[in-house]
Amino acid sequence: MSILEMKNIEKSFADNHVLKGISLHVDKGEVVSIIGPSGSGKSTLLRCATFLETIDSGVISYDGKNAAETVNGKCTYAKNLNDFRHIFGLVFQNFNLFPHYTVLKNMMDAPVSVLHRDKEEVRAECIALLDKMGLAEKANAYPCELSGGQQQRVSIVRALAMQPEILFFDEPTSALDPELTGEVLKVIKQLAEEKMTMVIVTHEMAFARAVSDRVIFMDGGVVVEEGDPEEVFGNTQSERMKQFLRNYDRET
Amino acid sequence: MSLMTIIVKMSEGLGKTCAIFFLTLIFAIPLGMIVALLRGSRFKPVSWFAKTYISVLRGTPLMLQLLAVTYGPYYLFNISVSRNKLIPVVIAFSINYAAYFAEIYRSGIDSMPVGQYEASQVLGYSKIQTFIKIILPQVFRRILPALTNEIVTLVKDTSLAFTVSYQEMFTIGKQIANSQTSFVPFVVAGVFYYVFNVIVGFVMGRIEKRMSYYKM
């Protein structure tokens with residue numbers, strides 16, 4: 001069954017029609033990468049999926065329940081949106097850690113004060129998670145004391161601490177230099193091996209090809225090409241994506 | 001009158017000076033937050049009300065506001081002027097300083113990166129939780145220097161209570177100066193205010209230091 005199902009999503013900012021009837025479904029355990037040029041709407045799609053932007057029309061459902069639906073052209077959101085928020089996690093491009101909280105508090109606070117879970121239980125889980133990510137000794141550090149790569153890894157474990165069914169990544173390595181990019185990609189890869197359901201918006205083509213079960217190429221607010229990574233990258237059909245990949249190769 | 005006598009007499013008013021100072025802080029700091037939040041309200045009449053409040057309270061002299069709050073009730077409703085002038089004085093100071101604090105809070109709230117709100121929202125924090133747990137502590141840290149500025153000014157402004165003859169330190173000093181035709185009480189007052197503000201500066205510096213365990 002699909003964890004996430006987005007259907008015919010339309011989104012405009014003033015005169016700028018960003019998403020033009022786009023659809024996306026993500027099954028349990030699947031890793032989906034979304035690639036495409038800047039301004040193609042991939043980040044907006046993710047922000048719509050996580051309710052940071054409201055859609056103009058379309059359907060968003062999680063676990064078969066509608067979070068947003070459009071009836072007779074009128075889009076309405078469910079009243080209990082916060083219940084849906086517990087289903088997903090989002091990792092931001094620029095981390096957005098809470099600077100006044102330690103690493104451990106960053107992770108623990110939402111499970112405790114939002115999900116009202118037992119504090120000691122959450123603490124044990126979070127410490128185990130940090131340990132697994134090789135961040136155990138940073139538990140009591142503040143975000144400003146960490147490198148960019150460490151900060152992004154902390155923001156990943158912060159999202160994981162909420163035990164989401166699906167994890168979204170919005171260009172998770174774009175704010176990092178190449179050296180630090182590797183450590184973050186390694187974590188995501190590790191999660192993929194553990195069958196974590198993930199949607200990754202990225203500019204890291206080689207990574208997308210290696211880690212994904214499915215790749216989506218977006219341009220101009222629509223899906224241009226979609227499928228198995230080997231097929232999409234190895235046997236690109238559309239002229240637009242060929243051009244994009246050529247430009248990309250030239251740059252790197 | 002000897003210098004010692006002047007100092008002793010004026011220090012008798014220091015308790016009242018401190019009363020104005022601390023009570024004003026206790027009331028104006030939360031009141032300013034309320035005004036700042038109302039000003040940011042999406043409901044136009046509410047934000048308009050808060051803007052007008054700030055505009056009037058900042059745009060007219062504190063001295064006039066003191067007179068208005070103390071004697072206004074008498075002229076308007078024939079209510080006798082209260083014996084204990086501390087009440088009208090603290091009311092006038094609190095509503096005035098709340099206007100300034102509100103603008104400082106607003107500058108702090110507006111300076112918060114939107115990512116902090118977005119991260120909180122995605123993690124499922126309610127709006128109130130987000131504000132109290134995530135935004136407010138960071139805002140407070142950001143505005144502390146500006147707040148210190150206002151608090152230092154407040155120390156000196158307590159002297160304005162002389163206009164309604166509230167017997168705080170400066171009022172007593174002024175009375176002595178008049179009766180003795182002496183400038184000495186003003187010098188003493190200056191020293192008192194300066195020492196008070198050195199202490200304020202020290203305390204605020206300590207608070208700033210304690211809060212600087214993280215970078216934004």
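Here are a few friendly notes on this predicted model, starting with chain B and then turning to ring pairs in chain A.

1. Begin with the fold of chain B. Its 9 helices come with 0 strands, and reading along the sequence gives the pattern α-α-α-α-α-α-α-α-α. The C-alpha trace spans about 70 × 45 × 25 Å along its principal axes.

2. Next, look at the inside and the surface of chain B. Of its 216 residues, 43% count as buried. The accessible surface is about 11,500 Å², and carbon and sulfur atoms make up 68% of that.

3. B:Lys16 has its charged end over the ring of B:Tyr166, 5.6 Å from the centre, while B:Arg141 lies over the face of B:Tyr214, 4.7 Å from the ring centre.

4. Now for the aromatic rings: the whole structure holds 22 aromatic pairs over all chains. In one edge-to-face pair, A:Phe51 and A:Tyr77 are 6.1 Å apart centre to centre, with 90° between the planes. A:Phe51 sits in the loop between α1 and β4 and A:Tyr77 in strand β6, so this pair ties together parts 26 residues apart in sequence. A:Phe51 is buried at 5% relative accessibility, whereas A:Tyr77 is partly exposed at 24%.

5. How far apart are the ring centres of A:Phe88 and A:Phe168? They are 5.9 Å apart, and the planes meet at 70°, so the pair is edge-to-face. A:Phe88 belongs to strand β7 and A:Phe168 to strand β8, so parts 80 residues apart in sequence are tied together.

Methods. Residues numbered from 1 in each chain as written. Chains lettered and ligands numbered in written order. Predicted model: local features only at pLDDT ≥ 70, side-chain atom pairs only at ≥ 80, totals over all residues. Heavy atoms only, no water. Helix = DSSP H or I, 4+ residues; strand = E, 2+ residues; numbered from the N terminus. Buried < 20%, exposed > 50% of the residue type's maximum accessible area, 1.4 Å probe, protein only. Areas by Shrake-Rupley, 256 points an atom, 1.4 Å probe, with all protein chains shown as cover. Phe/Tyr/Trp six-rings, centres within 6.5 Å; stacked < 30°, edge-to-face > 60°. Lys NZ or Arg CZ within 6 Å of the ring centre and 35° of its normal.
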